[in-house]
Amino acid sequence: MLDALQLPVVDLSSPDRFSTANSIRQACTDHGFFYLVNHGVDEELIHKVLEQSSNFFTFPIEEKMKLVKKNHRGYTSLYAEKLDTSLSTKGDSKESFYVGPPEDGLNQWPSEEDLPSWRSTMETYYQKVLSAATKLLSLIALSLKLDEDFFRKVGALNEPFASLRLLHYPGDLDSYSEGIYGASAHSDYGLITLLVTDGVPGLQICRDRSKQPRVWEDVPSMKGAFIVNIGDTMERWTNCLFRSTLHRVLLPRQERYSQRLCRGMFGKLLQRCLSAKIPTHKVHRLPGRAP
Ligand SMILES: O=C(O)CCC(=O)C(=O)O
Ligand SMILES: [Fe+2]
């Protein structure tokens, strides 16, 4: 059974940082999802990225495969990924393109002749969303009753690791009856994810993954807002106070585009940061969720 859902709205530019931090705490403990408004990323740029993304995905598959994913950057084709590995289907009905930190030289790009200003649009978008994510992380620190520069102080922001992913769900109606999803049930791995969609419905969350049968609720897009969700790393770091909520994208009935930036940490940095414990008296473990 599907229900409509009213997610909390967080204003990144509000001068009342403590009350904003309180609403973030509430949103992250109740839903693990919220809308972020006044985030400083122009709507025009968001639309330009959606448009440029669709320009790339309309290329013939041979052209797209020339940029197939290497070093976590580049193109992944339809059905290449199955986020819910318990499914016996052929894979998720989506294609995507990954962009990582511009400064490490590992990104792959379509040529300027084919897609003029594609690369600069993506690099600008990456930096702008990363900067909104960094501001949000200081409010998240406040919401955990920590210093607002806690994440910077423990080194979590030293490596600007974030992955921007452009997503295209072709709305493959032939697969509708085969139990195929646009993105099957999963949680995100990082600290936080900032998502924008083109407004075509499909995203759903399941607030209680232990309840059977699972209850899925629609998450509508809000014009100009990011949909933010907490990832597994943040759930772990907050001793399960903040929830990394299970979500999925239904196979859309029409074509759908979205783009998300996931701010994460890997390898040694991840290990070092997680050992910088958030004092346990500031967080409370949720019943039934092992850390
Ligand atoms: O496209 C969407 O609405 C969500 C995508 C998503 O959950 C993901 O890429 O992790
Ligand atoms: Fe996700």
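The expected span of a helix is 1.5 Å times one less than its number of residues. Keep that rule in mind for this predicted model.

Start with helix 2, residues 43-57. Helix 2 has 15 residues. From first C-alpha to last, helix 2 reaches 21 Å, close to the 21 Å expected.

Now look at which side chains of helix 2 face inward. Val49, Gln52, Ser53 and Phe56 are its buried residues. Seen down the helix axis, these buried residues fall within an arc of 105 degrees, so they line one face of helix 2. An α-helix has 3.6 residues a turn, so residues three or four places apart point the same way. Turn to the other side of helix 2: Glu43, Glu44, His47 and Glu51 are exposed there.

What covers the buried residues? The cover includes strand 5 (95-99) and helix 4 (118-143). Strand 6 (162-169) and strand 13 (256-263) are also among the covering elements.

Helix 4 holds Met122. Is Met122 buried or exposed? Met122 has 25 C-beta neighbours inside 10 Å, and 20 or more make a residue buried, so Met122 counts as buried. Leaving aside neighbours within four places in sequence, Met122 is in contact with Val49, Val99 and Leu164. Met122 and Lys48 are 74 residues apart along the chain, yet their C-alpha atoms are separated by 9.3 Å.

Finally, find ligand 1. Its surroundings include Arg165, Asp188, His247 and Arg260. Strand 6, strand 8 (192-197), strand 12 (246-249) and strand 13 each supply at least two residues of this shell. By class, the shell has five nonpolar, three polar and three charged residues.

Methods:
Residues are numbered from 1 along each chain as its sequence is written. Chains are lettered from A and ligands numbered from 1 in the order in which they are written. This is a predicted model: local features need pLDDT of at least 70, side-chain atom pairs count only at pLDDT 80 or more; totals for chains, interfaces and linings use all residues. Helices (H or I, at least four residues) and strands (E, at least two) are DSSP runs, numbered from the N terminus. A residue is buried if 20 or more other C-beta atoms lie within 10 Å of its own, exposed if 12 or fewer, and partly exposed in between; C-beta atoms are placed from the backbone. The arc is that of the directions from the helix axis to the C-beta atoms. Two residues are in contact if their C-beta atoms, placed from the backbone, lie within 7 Å. A residue is near a molecule or strand if its C-beta atom, placed from the backbone, lies within 6 Å of it. Ala, Val, Leu, Ile, Met, Phe, Trp, Tyr, Cys and Pro count as nonpolar, Asp, Glu, Lys and Arg as charged, and the others, Gly among them, as polar.
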